[in-house]
Amino acid sequence: MKKSILVLIGFLMTLTVRAQVYSLADFDKKYDMLLKHPGVQIESAEAINSLYNYKFYEADKEFRWLRTRYPDHPMPYFLMALAEWWKIVPNTENTDFDDKCLAYLDTTITKAEKLYDLKEDKVEASFFLAAGYGFKGRLYSERKKWTKATWAGKNALKYFEKCKGNGDLTPELLFGDGLYNYYAQWIPKNYPALKPILMFFPKGNKAQGIQQLEKTANNAFYTRTEARYFLLQIYSMENEYGKAYDLAKYMWQQYPDNPYFERYYARTAFVRGYTNEATAASNSILNKIERGMDGYEGVGGRTAAYILAYTNHHYTRDLAKAKQYYQKTIDFAKQTNSYDAAYYWASVLSLGKIAAAEKNYDQAQTYFKEVLDKADRKSSQHKEAKEGLDNLKKQRREERRKARKS
């Protein structure tokens with residue numbers, strides 16, 4: 001009897017699953033775009049949240065389900081490319097995920113081109129073509145492959161223009177407009193060598209770009225978190241540290257295991273003077289690195305160790321701990337080959353100052369000379385190291401003079 005009941009339950013479950021599949025297929029017919037499909041949004045929301053919280057295995061399972069259900073659509077491939085991109089984000093010098101990311105983006109573009117040819121309404125296909133080319137440009141620019149980045153960027157702009165004016169997709173499309181408007185004006189001022197390339201592009205508007213990204217961050221579904229990722233950097237570059245802190249804290253609360261957002265939260269809390277929050281976040285980052293959690297590595301470790309070094313040095317006056325964390329900062333910088341990072345210069349300089357105060361003059365001299373060798377000549381650290389060496393000579397002369405008198 002029990003066995004027959006179990007068979008009946010199994011049979012009913014099979015019918016239910018089949019009914020769901022058929023009802024989903026019928027449901028699909030009601031929507032001309034997957035981007036506007038509420039069922040797909042519900043299905044993908046959890047996967048996207050898993051992606052941004054660095055639970056890549058869980059996200060991948062859902063993206064593969066979408067790929068099985070919509071094998072000819074570019075969306076699943078774009079989401080899989082996005083996952084590979086976020087594996088790069090914590091340390092953009094890491095090229096381990098480049099090939100897979102570019103392969104998924106190429107498939108996104110191929111599928112979107114077919115969709116573009118098949119459908120009368122070109123909006124959705126244009127969106128994915130713009131997104132695919134946009135992310136390729138983003139990765140190529142990180143690798144300083146400017147010709148490829150320029151070509152990809154021009155294609156992205158071309159397809160963004162084709163899908164403008166669609167009210168339902170406006171929040172998603174503002175992401176591309178916002179990014180372009182901000183960086184088209186920012187890049188020539190900060191990278192004059194790229195000015196000749198940008199002559200072939202329309203002029204930007206930074207203020208408008210920020211407004212567009214803020215609207216995307218508040219109203220979009222698929223591009224919301226990407227807009228917030230860029231706003232964090234933009235607020236910091238524009239010295240809007242209060243906004244950067246508020247957004248970083250919010251994003252860390254949303255995605256507590258995202259190494260990029262946690263690092264930004266620690267950093268902005270530190271800049272704002274919220275020492276308890278900064279030290280708690282920094283300890284959390286170092287703990288996650290020790291546990292080998294996805295995305296937690298040397299770049300985040302460098303930031304966290306420096307914050308703890310600085311607070312122990314200047315606030316709690318625990319010089320033993322300060323020296324320990326300054327050395328950790330240096331070790332993380334060496335791991336990531338970041339000899340041009342300000343945290344590295346500042347840590348070596350601080351160890352030099354502590355050694356000088358403790359009258360370990362030879363050690364202090366070694367530290368100061370290292371800063372002079374590695375730091376940018378225009379940096380404050382270079383200037384302080386030079387002053388430190390001059391003061392060491394004076395201190396030594398003074399001690400020799402006193403010794404002769406005694």
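Trainee: Let's start with Arg-317: buried or exposed?
Mentor: Exposed, because its relative accessibility is 60%. Keep in mind that this is a predicted model.

Trainee: Where does Arg-317 sit?
Mentor: In the loop that links helix H15 (298-314) to helix H16 (319-335).

Trainee: Which loop is Asn-337 in?
Mentor: Asn-337 is in the loop between H16 and helix H17 (342-357). Its phi is positive too, near 55°, again in a residue other than glycine.

Trainee: Is Asn-337 buried or exposed?
Mentor: Exposed: Asn-337 has a relative accessible area of 58%, and the cut-off for exposed is over 50%.

Trainee: Let's follow the chain into H17. At what angle do H17 and H19 pack?
Mentor: About 15°, with the axes 10 Å apart; helix H19 covers residues 380-405. H17 is therefore roughly parallel to H19.

Trainee: What's the cut-off behind that?
Mentor: Angles under 35 degrees count as roughly parallel.

Trainee: Left-handed or right-handed crossing for that pair?
Mentor: Left-handed, for H17 passing H19.

Trainee: Which residues make the contact?
Mentor: From H17 you have Ala-342, Trp-345, Ala-346, Leu-349, Lys-353 and Ala-356. H19 brings in Gln-381, Glu-384, Ala-385, Leu-392 and Gln-395. By type, the contact of H17 with H19 splits into seven nonpolar, two polar and two charged residues.

Trainee: Which residues of H5 meet H6?
Mentor: Among them are Cys-101, Leu-102, Leu-105, Ile-109, Ala-112 and Tyr-116 in H5. On the H6 side, the residues include Phe-128, Leu-129, Tyr-133, Phe-135, Leu-139 and Tyr-140. There are charged residues in the contact too, including Asp-98, Asp-106 and Glu-113 from H5, and Glu-124 and Lys-136 from H6.

Trainee: How does that contact divide by type?
Mentor: The contact of H5 with H6 has 14 nonpolar, three polar and five charged residues.

Trainee: New topic, Val-89. Where is it found?
Mentor: In the loop between helix H4 (75-88) and H5. Val-89 is buried, with a relative accessible area of 3%.

Trainee: What does Val-89 touch?
Mentor: Leaving out neighbours within four places in sequence, Val-89 is in contact with Tyr-54, Tyr-229 and Tyr-260.

Trainee: Okay, on to Tyr-182. Which helix does it lie in?
Mentor: Tyr-182 lies in helix H8. At 0% relative accessibility, Tyr-182 counts as buried.

Trainee: So what is it in contact with?
Mentor: Not counting residues up to four places away in sequence, Tyr-182 touches Asn-205, Lys-206, Gly-209, Ile-210, Ile-234, Met-237 and Glu-238. The C-alpha atoms of Tyr-182 and Ala-207 are 7.1 Å apart, and those two residues are 25 apart along the chain.

Trainee: What about Leu-174, buried or exposed?
Mentor: Buried, at 16% relative accessibility. Leu-174 is placed in helix H8, residues 170-190.

Trainee: And which residues does Leu-174 contact?
Mentor: Setting aside neighbours within four places in sequence, Gln-212, Lys-215 and Thr-216. The C-alpha atoms of Leu-174 and Leu-213 are separated by 6.7 Å, while the two are 39 residues apart along the chain.

Trainee: Zooming out, how many helices and strands are there?
Mentor: 19 helices and zero strands.

Trainee: What share of the residues counts as buried?
Mentor: 48% of the 406 residues. The accessible surface is about 21500 Å², and 52% of that belongs to carbon and sulfur atoms.

Trainee: Last one: what share of the contacts joins residues at least 24 apart?
Mentor: 61%, among contacts between residues at least 6 apart in sequence.

Methods. Residues numbered from 1 in each chain as written. Predicted model: local features only at pLDDT ≥ 70, side-chain atom pairs only at ≥ 80, totals over all residues. Heavy atoms only, no water. Contact = heavy atoms within 4.5 Å. Helix = DSSP H or I, 4+ residues; strand = E, 2+ residues; numbered from the N terminus. Buried < 20%, exposed > 50% of the residue type's maximum accessible area, 1.4 Å probe, protein only. Areas by Shrake-Rupley, 256 points an atom, 1.4 Å probe, with all protein chains shown as cover. Axes fitted to C-alpha atoms, helices over the stretch in contact; angles between N-to-C directions. Parallel < 35°, antiparallel > 145°, perpendicular 65-115°, else oblique. Left-handed = near helix turned anticlockwise from the far one by under 90°.
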